[in-house]
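This explanation leads the reader through a protein model, from its overall form to its local details. Please keep the sequence and the structure in view while reading.

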Amino acid sequence: MKCKYCGAEIEPNSRNCKYCGNSIFVNNNQYAPKKKRNPLLIIFLVIIILLVAVTGVFAYIVYFDTSPVEIMQLSSSGSGDILANSELASNMPNSNITSQVIQAAKSGVPVYKIGDGTGPVTVIASGVHGDQLVPPVAAMKIINYLDGRKINGTVYVIPFTSPKALEQNTKLTNGVNLNTVADESGTLSNQVVNFAMKNNATAVGDFHETGVGKDPGKTTIMCSQVPTYGSFELANKMSQLSLDTTLTYYVAGIAYDGAVEDELNLKGTPAVTPLVLVSSHGQVQQSAVEESYTQMLALLIVNGNLNPNDPYMKLANADLDGFDFS
C-alpha cells in the first residue's frame with residue numbers, strides 16, 4: 001500500500017504515513033449518502049403526540065379538575081344526632097359525604113365548603129327551625145350534587161343550623177326562636193350572619209318551610225328592597241328559574257326583626273328567604289324537598305357558582321351528570 005501523498009510504501013491499515021506523517025485513513029461512511037426521512041412518518045408521529053396531549057388534558061379536566069372540599073365547623077355548640085330523628089334518617093341521601101356531615105353535627109354546626117374561598121361566594125343555610133325538615137334534606141341533596149364537581153367561586157352549605165333542635169324535631173332551640181335573634185351576639189343564627197359576612201358572601205339564602213294557613217302560606221322567595229336592593233334582584237332572578245313567586249318587603253328588619261335574611265340585608269349583604277309549602281312541619285315531603293332543592297340550584301346559578309352554558313364547566317363535570325337541573 002502506497003501513501004497517496006508521498007508515494008512511499010506503507011503497511012496496510014496504517015492510519016498515518018510514517019514518512020510524511022499525513023493521515024491516510026479513509027472512513028468508509030464518510031461519503032455514504034444520508035438516509036431521507038419519511039414525511040408521512042413525521043406527520044404520523046406528530047399526530048400521535050397531539051392525540052396523547054389532548055387525551056391527557058381531557059382526562060385531567062374531566063377526572064381531576066374539581067373544586068376543593070372541606071367540612072368546617074360554624075360552632076361547637078348546638079350539636080345533635082341528626083339520625084336520631086327518624087324522618088331525617090329515612091330521607092337523607094346515602095353517601096360518604098352525607099355520613100361525614102352528619103358525623104360533624106355531633107360536635108357542633110357543620111359547614112360544607114366547596115371552592116377556594118374566592119368569589120362569587122354563596123351561603124346556603126337551613127335548619128334554623130328544628131321542625132322544618134324539608135330544607136335540611138334539600139341542603140344535603142345539594143351537597144351531594146356539588147361534591148366532586150368543578151364550580152365557580154365558593155359555596156358554603158350549612159344544612160343544620162341547629163342540630164340539637166333537628167334531633168328533637170322541635171321548632172325552638174333551648175326555648176329560643178333562632179329566627180328572631182340573628183341580631184343577638186352568640187346565638188347560632190347570629191353566627192350564620194357573621195360567618196356570611198366574614199367570608200364575603202355575595203348571596204345568602206336562608207331556606208325555610210311554611211305551613212298551610214300560616215304566613216305566608218305559599219311557596220315563595222322573600223326579600224326586601226331597602227337598604228340592600230340586591231336582595232330584591234336576587235329573589236326576582238331566582239324566581240325566573242324556580243318558577244316561584246316573590247314576596248317583597250320594602251324595608252328589611254320590620255316584618256321579621258331578627259331573622260337571618262333581614263339582619264344580613266341591614267348589614268349590606270344580599271340575602272333572601274326561600275320557603276316551600278308543606279302540609280305540616282316535622283315531616284319530610286319529597287315534593288317539597290324537590291322544590292327547595294330547585295330553589296337552592298337557582299340561587300347558585302343566579303350568583304354565578306353554576307353556569308350551564310359554560311363549555312368548560314360542562315366538560316369538567318362530564319363524568320358526573322353535567323348540569324342536569326331537572
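How many helices and strands make up the secondary structure of the protein? There are 10 helices and eight strands, in a model that is predicted. The radius of gyration of the protein is 34 Å, whereas the globule rule gives 20 Å for 326 residues; the protein is therefore more spread out than a compact globule. A box drawn along the principal axes to hold the C-alpha atoms comes to roughly 125 × 40 × 35 Å.

The next subject is the sheet. Eight strands form this open sheet, and their order across it is β1-β2-β4-β3-β5-β8-β6-β7, with mixed pairing. The edges are taken by β1, residues 69-75, and β7, residues 245-251; each has a single partner strand, so one side of each is left without a neighbour in the sheet. On average, neighbouring strands of the sheet are turned by 25° against each other when direction is ignored.

Strands β1 and β2 run antiparallel and are joined by six bridges, with β2 spanning residues 109-115. Within this pairing, Val69 stands opposite Ile114 of β2. Helix α3, made of residues 96-105, packs on the sheet and touches both β1 and β2. The direction of α3 makes about 20° with that of β1. Helix α4, residues 134-146, also packs on the sheet, where its contacts are with β2, β3 (121-126), β4 (154-158), β5 (203-211) and β8 (271-278). Between the directions of α4 and β4 the angle is about 145°.

The largest pocket holds about 440 Å³. Its lining numbers 23 residues, and those closest to the centre of the pocket are His129, Gln132, Asn179, Asp215 and Tyr256. Two or more lining residues come from each of β5, α8 (260-266) and β8. Of these, β5 has the largest share, with four residues. By class, the lining of the largest pocket consists of five nonpolar, 10 polar and eight charged residues.

The search of the whole structure also finds one cavity of 30 Å³ or more. The space within the largest cavity is about 50 Å³. Which elements each supply at least two residues of its lining? They are β6, which covers residues 220-226, together with β7 and α8. The most comes from β6, with three residues. Among the lining residues of this cavity are Met222, Cys223, Ser224, Tyr249, Val251, Glu261 and Asp262. Tyr256 is also included in the cavity lining, and this residue is among those closest to the centre of the largest pocket.

Some features of the backbone complete the account. Most residues other than glycine have a negative phi, and most peptide bonds are trans. The peptide bond from Gly119 to Pro120 is cis, with omega near 0°. Pro120 belongs to the loop between β2 and β3. Another cis peptide bond links Val226 to Pro227, with omega at about 10°. Pro227 is placed in the loop that lies between β6 and α7 (229-242). Asn169 is not a glycine, yet its phi is positive, at about 55°. This residue is found in the loop between α5 (163-168) and α6 (188-198).

Key:
Residues numbered from 1 in each chain as written. Predicted model: local features only at pLDDT ≥ 70, side-chain atom pairs only at ≥ 80, totals over all residues. Heavy atoms only, no water. Pairing = 2+ DSSP bridges. Axes fitted to C-alpha atoms, helices over the stretch in contact; angles between N-to-C directions. Contact = heavy atoms within 4.5 Å. 1 Å grid on protein atoms, 1.4 Å probe; cavity = no way out; pocket = protein on both sides within 12 Å on 5 of 7 lines; lining within 4 Å. Points joined across faces, edges and corners; volume = space filled by probe spheres on them. Nonpolar A, V, L, I, M, F, W, Y, C, P; charged D, E, K, R; others polar. Rg over C-alpha atoms; globule rule 2.2 N^0.38 Å.
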